[in-house]
Amino acid sequence: METRKSSSGGSGELVITRTFDAPRERVFEAWTECDRFMRWWGPKGFTSPSCRMDVRVGGEYLSSMRSPDGHEYWSKGRYREIDAPEKLVVTDSFADEKGNTVPASYYGMKGNWPLEMLVTVTFEEQDGKTRLTLRHSGTDRISSEDREDMRQGWDESFDKLEESLAEQ
């Protein structure tokens with residue numbers, strides 16, 4: 001059974017809550033181990049061909065998504081808080097393949113995207129399942145259309161996460 005809830009929180013925050021039929025340790029690992037992360041990262045039809053993670057406070061990640069038409073989009077960030085298997089807090093920025101921060105316009109995106117946002121993910125154990133809550137902060141400067149696209153991208157990624165967890 002899956003539970004979905006999406007909303008725009010205060011202060012430019014996108015909030016998504018999903019319940020996954022898997023123990024939270026496994027869901028947490030899907031966020032912190034490249035081989036698992038690459039199975040689900042990106043919206044429907046996208047793949048994740050590259051991932052590097054140094055999962056420690058101050059460590060960095062760099063990952064890519066490849067669209068169905070072959071365009072690659074890179075993102076990077078720094079781990080600010082890790083409380084395994086309960087919580088992850090990471091910065092989130094667009095990047096080039098070398099890990100340099102780039103503006104959203106580098107990928108042809110319009111609007112007033114910040115150079116850095118913040119993603120907070122909590123993992124709550126619920127009778128052998130995991131209630132995941134994602135808070136993507138710093139989206140107050142982007143358009144409501146871009147925020148809706150972001151929400152859709154997360155929802156589609158979480159659909160893939162659910163499939164990946166079922167395969168394990």
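**Salt bridges in the model**

Start with Glu-81: its relative accessible area is 32%, so it is partly exposed. By that I mean between the two cut-offs: buried is under 20% relative accessible area and exposed is over 50%, with a 1.4 Å probe and protein chains only.

Now the ground rules. This is a predicted model, where local features need pLDDT of at least 70 and side-chain atom pairs count only at pLDDT 80 or more, while totals for chains, interfaces and linings use all residues. Residues are numbered from 1 along each chain as its sequence is written, and side-chain values use heavy atoms, leaving out hydrogens and water.

What does Lys-87 form a salt bridge with? With Glu-81, and the closest N and O atoms are 3.6 Å apart. A salt bridge here is a side-chain nitrogen of Lys or Arg within 4 Å of a carboxyl oxygen of Asp or Glu. Lys-87 is partly exposed, at 26%.

Take Glu-162 and Arg-18: their side chains meet at 3.7 Å, N to O. Glu-162 sits in helix H3 (residues 144–167) and Arg-18 in strand E2 (residues 13–20), so this pair ties together parts 144 residues apart in sequence. Helices (H or I, at least four residues) and strands (E, at least two) are DSSP runs, numbered from the N terminus. Arg-18 is buried, at 1%. Glu-162 is partly exposed, at 25%.

Last pair. Glu-116 and Arg-80 form a salt bridge at 3.4 Å, N to O. Glu-116 is in the loop between strands E6 (87–95) and E7 (117–126), and Arg-80 is in strand E5 (residues 72–83), so parts 36 residues apart in sequence are tied together.

In total, the structure holds 14 salt bridges.
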